[in-house]
Amino acid sequence: MSAARRHDEVPSAHAKVPFAHAKVPSAHTRVLSGADRATGAQDLFSRTSAELRRFVPFDAAVWAATDPETGLVTAPMLVENLGSGEGCAAYWESELLEENVLPFRDLARAAVPTAGLRAATGGLPARSARYRRLLGGHGVDDELRAVLRVGDRPWAVISLFRMDGGLPFGQEETALLAGLSAPLASRLRRFARPTASDGPTDTPAPGLLLLDPSGEPVSVNDEARQHLSRLPEGPSIPSQLGLRVPIWLVTTALQARAIDRGRERAGGARTRIRTVDGSWLTCHASCLSGPAGQSGPVAVVIEPAAAADRAVLIAEAYGLTPRELQITQLVTRGLSTAEIAATLFISPHTVRDHLKAVFGKAEVSSRGELVARLFAEHYRAGAEPRRAGEELRRAGEEPRR
């Protein structure tokens, strides 16, 4: 994992003022104030990390955006003070393929989405495979993990590390980070909204990358190379193909391995990644079978995200409630007010009230504008114009007042 700062540039966690001397409201205000000034997800991670360190001292950290549907990591990722990146793939391999203490998938569903490794193991972190295999050998004494989520939708995961014989993370520090989960996730998801400059002028066809059973990339087509060239910078692994494979694709392939081994994984081996030009790609992976049923390579497909898939993600970015999102999905399918009411077993008046709230959040005044906003990148890219026009035409009915 590429370090964002050298070790000697990061003040020791153990030289900080103890958390007990800080007031929780003050800590929340300072951290969220920094997040409010962020210009993007990467900037939010950087600002939040700097402010949080004042109240929850740590020596190193990983901040990673996640796909809210599957929980798999995506761009961007901020790695601080953890070397040159040699352990990044192994960290996520342990997370996805081994039985571990405090896996992110469990924290995402837990009543409190934050926990410390030493606290969870009764002061015996070696009970965790992740600690035995990786953390202990790198001088880590404790890890504080958190999932940034709104409702049951995870938008990022965090790992904070203390090293060199430091104190374990305390209950107050864990509670502080837990209290920041939803507010930070709410701010983070705003950056999934479309902007005026989103979308490329041309879109490559689906790309294909093959990884052998050991995880080594062994084959790639030109379309995959084009897609990879548009991804933001971040941790990656080298390959003999002359390209570096981003950790987001590596974890998707690892997820496919986990599913192939019978481990329960909600959402499948799939993640959506925003490119440097603002468009969205979908990366999904599956295991292929070899001779005599042996494990074959993992096929990773990288392609432009489907219009409906982007629409749901962007709708969430505007902070729609589950019911509002459900109605928005039906709007994008072209259903009328009466049809939506019949589908959801609610009154047309209730549908119109929800649509009014949706219009306010998305800052539009009609169904046509709503669908145009959700599919904005789709139209700018010029893809599937006939289908897009049909969706807009069918969705153009204005809600009755």
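Reply: This is a predicted model. Start with the whole protein. Its secondary structure comes to 16 helices and 12 strands. It has 401 residues, and 53% of them count as buried. The protein exposes about 17,500 Å², with carbon and sulfur atoms supplying 53% of that area. Now count the contacts with a separation of 6 or more: residues 24 or more positions apart account for 64% of them.

How is empty space found at all? Rolling a probe the size of a water molecule over the atoms shows where space is left. The second largest pocket holds about 480 Å³ of space. It is lined by 24 residues, and the closest to its centre are Ala-41, Ala-75, Pro-76, Phe-191 and Arg-274. Several elements give two or more residues to this lining: helices α2 (41-52) and α7 (171-189), and strands β1 (60-66), β2 (73-80) and β10 (270-274). By type, the lining divides into 13 nonpolar, six polar and five charged residues.

Follow strand β1 for a moment. Ala-64 lies in this strand. Is Ala-64 buried or exposed? Its relative accessible area is 0%, so Ala-64 is buried. What does Ala-64 touch, leaving aside its neighbours within four places in sequence? Its contacts are Phe-45, Val-73, Pro-76, Met-77, Trp-155, Ala-156 and Val-157. Take Ala-156 from the contact list. In sequence, Ala-64 and Ala-156 are 92 residues apart, yet their C-alpha atoms are 5.4 Å apart in space.

The largest nonpolar core has 54 residues. Met-77 is one of those with the most contacts inside it, along with Trp-92, Phe-161, Trp-248, Leu-249 and Val-300. Helix α9 (residues 247-260) gives the most to this core, with eight residues. There is also a second, separate core of 35 residues, including Leu-184, Leu-188, Leu-313 and Ala-317.

Finish with Trp-92. Again, set aside its neighbours within four places in sequence. Trp-92 is then in contact with Val-73, Met-77, Phe-104, Val-157, Ile-247, Thr-251 and Leu-254. Compare the two contact lists.

Technical notes:
Residues numbered from 1 in each chain as written. Predicted model: local features only at pLDDT ≥ 70, side-chain atom pairs only at ≥ 80, totals over all residues. Heavy atoms only, no water. 1 Å grid on protein atoms, 1.4 Å probe; cavity = no way out; pocket = protein on both sides within 12 Å on 5 of 7 lines; lining within 4 Å. Points joined across faces, edges and corners; volume = space filled by probe spheres on them. Helix = DSSP H or I, 4+ residues; strand = E, 2+ residues; numbered from the N terminus. Nonpolar A, V, L, I, M, F, W, Y, C, P; charged D, E, K, R; others polar. Buried < 20%, exposed > 50% of the residue type's maximum accessible area, 1.4 Å probe, protein only. Contact = heavy atoms within 4.5 Å. Areas by Shrake-Rupley, 256 points an atom, 1.4 Å probe, with all protein chains shown as cover. Core = buried A, V, L, I, M, F, W, Y, C linked by side-chain atoms within 4.5 Å.
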